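This report considers one protein model, moving from its surface to its aromatic rings and then to the confidence of the prediction. Please keep the sequence and the structure in view while reading.

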Amino acid sequence: MTKELSRKKTVLPNEASWLRWLAFIVVHIIIGTLISLPFEFLVYFEVPFITQSLGKLTETIRLLNQFFGLFIGAVICLRLIAKTTVRDFIYGVGGKGNSKQNLTVIGLYLLGMLLSVLPFIGNITVREFSASEYLISLLFVVAFTWMQTSWEEIIFRGIFIRFACKNNISCTTKAVVWGIISSLLFMAMHLSNPEVLTQSGFQFILSCLPYFLSGMGLYFANIYFKSLMPGLIIHWINNFLNFTLITSVVSAGGFPSLFVDNTPPTGLYYLITTVVCYIPLYVYIVINLLKKRKESKTLEN
């Protein structure tokens with residue numbers, strides 16, 4: 001009886017109004033900003049402990065600090081404003097994790113990343129840096145990438161899918177519209193990235209498109225798998241490997257990745273590599289959709 005009453009007091013993720021989701025986003029930004037402000041002030045006023053002790057790590061820790069604040073803000077708002085738990089928000093109310101599904105997503109996306117690198121393999125060289133510098137950077141990347149990708153997926157995919165789909169299963173016809181809107185916002189947030197800012201004219205447009213297509217790719221992958229976990233996994237793998245394994249000459253925040261791709265960083269380059277990354281995953285999805293359609297027709301006959 002107590003559990004039933006408790007459930008009735010909880011607003012299911014898809015039952016929250018657009019006004020509540022808007023409040024979620026605004027309050028989440030406010031909380032995240034307040035959490036990260038103390039360190040930002042220390043950096044801004046060049047407190048000796050920060051400028052002298054941290055040195056090159058100052059900007060890295062600033063990133064960690066900002067993502068920590070935004071992640072904690074999102075988690076707090078999920079409970080207080082969206083009236084749901086992190087688990088119910090990710091898997092749907094009463095849903096559970098699927099390890100086979102997760103392993104499939106990991107394998108397909110890693111295959112896509114490998115295929116995206118192959119055309120430029122001749123331009124890849126080993127980066128020169130100290131082992132200690134790399135290990136320190138690796139620790140920070142491990143610490144902040146999961147927080148960064150988590151809050152971005154909650155805001156840019158989770159909220160829009162929850163608004164368009166009933167318990168992440170039955171989607172309205174507006175799901176496509178919300179996917180486009182969320183992907184445009186996701187793209188807009190990344191316009192200040194160096195790989196975008198270094199472009200001009202048509203190449204600038206091409207360098208923006210990968211973020212829009214990534215947003216759409218993650219959005220519909222989540223809807224297909226009826227969970228937000230595939231998007232979280234793909235986003236984390238992408239960011240983690242771009243920071244630690246291989247990056248182009250202008251991206252990934254200056255972290256010392258093991259390899260560098262010296263291919264001219266044009267918008268077309270970023271567009272091709274992004275599209276190829278998603279090809280294995282979406283070939284898998286299309287094949288399975290065709291199989292299900294064939295099975296349903298067989299049952300009807």
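## A nonpolar surface patch

A nonpolar patch on the surface is formed by Leu191, Phe202, Phe204, Ile205, Leu209, Leu213, Val275, Ile279, Val283 and Ile287, which together have about 810 Å² of accessible area. Such patches are made of residues with over 30% relative accessible area and no salt bridge, with nonpolar side chains (Val, Leu, Ile, Met, Phe, Trp, Tyr) joined within 5 Å and like charges within 9 Å. Accessible areas come from the Shrake-Rupley method with a 1.4 Å probe, and for residues only the protein chains shown count as cover; a salt bridge is a side-chain nitrogen of Lys or Arg within 4 Å of a carboxyl oxygen of Asp or Glu.

Helix H10 (201-225) and helix H12 (267-300) each supply at least two residues of this patch, and the largest share, five residues, comes from H10. Helices (H or I, at least four residues) are DSSP runs, numbered from the N terminus. Phe204 lies in helix H10, and it counts as partly exposed because its relative accessibility is 31%, the classes being buried under 20%, exposed over 50% and partly exposed in between (1.4 Å probe, protein chains only).

## Aromatic pairs

The structure holds 16 aromatic pairs. In one of them, the ring centres of Trp21 and Phe24 are 5.7 Å apart and the planes stand at 65 degrees, so the pair is edge-to-face. Rings of Phe, Tyr and Trp (its six-membered ring) pair if their centres lie within 6.5 Å, and planes under 30 degrees apart count as stacked, over 60 as edge-to-face and the rest as tilted. Trp21 and Phe24 both lie in helix H2 (residues 18-44), three residues apart, or about one turn of the helix, and both are buried. Ring pairs also link Trp21, Phe24 and Phe89 into a cluster.

Tyr224 and Phe225 form another edge-to-face pair, with 4.9 Å from centre to centre and 80 degrees between the planes. Tyr224 counts as buried because its relative accessibility is 16%, and Phe225 counts as buried at 10%.

## Confidence and conventions

This is a predicted model, in which local features need pLDDT of at least 70 and side-chain atom pairs count only at pLDDT 80 or more, whereas totals for chains, interfaces and linings use all residues. Residues are numbered from 1 along each chain as its sequence is written, and side-chain values use heavy atoms, with hydrogens and water left out.

The mean pLDDT (the predictor's confidence in each residue, from 0 to 100) of the chain is 85, and 89% of its residues reach 70 or more. Confidence is lowest in helix H1 (residues 2-9), at a mean of 45, and highest in helix H6 (residues 99-117), at 95.
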